[in-house]
Amino acid sequence: MASIFSRIVAGEIPCYKVAETDDCLAFLDVNPVVKGHVLCIPKKEVDYIFDLDEKLYVDLQLFSRKVAIALKKVCPCIKVAVAVQGLEVPHAHIHLMPLNDPSEFGFGHHIKMEPAEMQALASQIAAAIE
């Protein structure tokens, strides 16, 4: 059965898209830890990030960098944190989270955002990508 991320890639499930290439997709996490929490995924479903072929792994990292640079422009922060844990969804993904304090980093708490706020934020980040 396809992962939820593969279903997003296929257009079966909507997302707040931030960026897309032929091989990668970035979208807002619908259960964000902080405002601006983005997920970057390869479109190809591979469970473990280190099982990606070398080219796709590098492409995903470079894609994530581009998204993180735009994210920092839109969501004022000291740094954009990067996390890869991959336990919730069996599809490789990179978390990007704008942070101003170390206490903001962690998956034990989440914030609520309204759909209109999510869509506006996704559009702002997409517009900031160079």
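Select Cys15. Its sulfur is 12 Å from the closest cysteine sulfur, in Cys40, which is too far for a bond. A disulfide here is a pair of cysteine sulfur atoms within 2.5 Å. In general, a disulfide is a covalent bond between the sulfur atoms of two cysteines. Cys15 is partly exposed, with a relative accessible area of 24%. The cut-offs are these: buried is under 20% relative accessible area, exposed is over 50%, and partly exposed is in between, with a 1.4 Å probe and protein chains only.

The model is predicted: local features need pLDDT of at least 70, side-chain atom pairs count only at pLDDT 80 or more, and totals for chains, interfaces and linings use all residues. Residues are numbered from 1 along each chain as its sequence is written, and side-chain values use heavy atoms, with hydrogens and water left out.

Now pick Cys24. How far is its sulfur from the closest cysteine sulfur? The distance is 7.9 Å, again to Cys40, and too far for a bond. Cys24 is buried, at 1% relative accessible area. The disulfide count comes to 0.

**The whole chain**

Zoom out and colour by secondary structure. There are 3 helices and 5 strands. Helices (H or I, at least four residues) and strands (E, at least two) are DSSP runs, numbered from the N terminus. Along the sequence, the pattern reads α-β-β-β-α-β-β-α. The radius of gyration is 14 Å, close to the 14 Å that the globule rule gives for 130 residues, so the chain is as compact as a globular protein of that length. That radius is taken over C-alpha atoms, and the globule rule is 2.2 Å times the number of residues to the power 0.38.

Along its principal axes it spans about 35 × 30 × 30 Å. Buried residues make up 43% of the 130 residues.

Select β3, residues 38–42. 5 of its 5 residues are buried, so β3 is largely enclosed by the rest of the structure. Show its side chains. Val38, Cys40 and Pro42 point one way, while Leu39 and Ile41 point the other way.

Look at the partners of β3. With β2 it pairs in the antiparallel sense over 5 bridges. Leu28 stands opposite Val38 there. With β5 (residues 94–99) β3 also runs antiparallel, joined by 3 bridges. In β5, Ile94 is the bridge partner of Cys40, and His95 is the bridge partner of Leu39.

Contact means heavy atoms within 4.5 Å.

Go to Ser6, in helix α1 (residues 4–9). Ser6 is buried, with a relative accessible area of 14%. Leaving aside neighbours within four places in sequence, Ser6 is in contact with Glu45 and His91.

Next, Pro32. Its place is the loop between β2 and β3. Is Pro32 buried or exposed? Pro32 is buried, at 3% relative accessible area. Not counting residues up to four places away in sequence, Pro32 touches His37, His110, Ile111 and Met113. Draw a line from Pro32 to Ala92, 60 residues apart along the chain: their C-alpha atoms are separated by 18 Å.

Finish at Asp51, in the loop between β3 and α2. Asp51 counts as exposed, at 55% relative accessibility. Its C-alpha atom is separated by 26 Å from that of Phe105, 54 residues apart along the chain.

Definitions and conventions:
Pairing = 2+ DSSP bridges.
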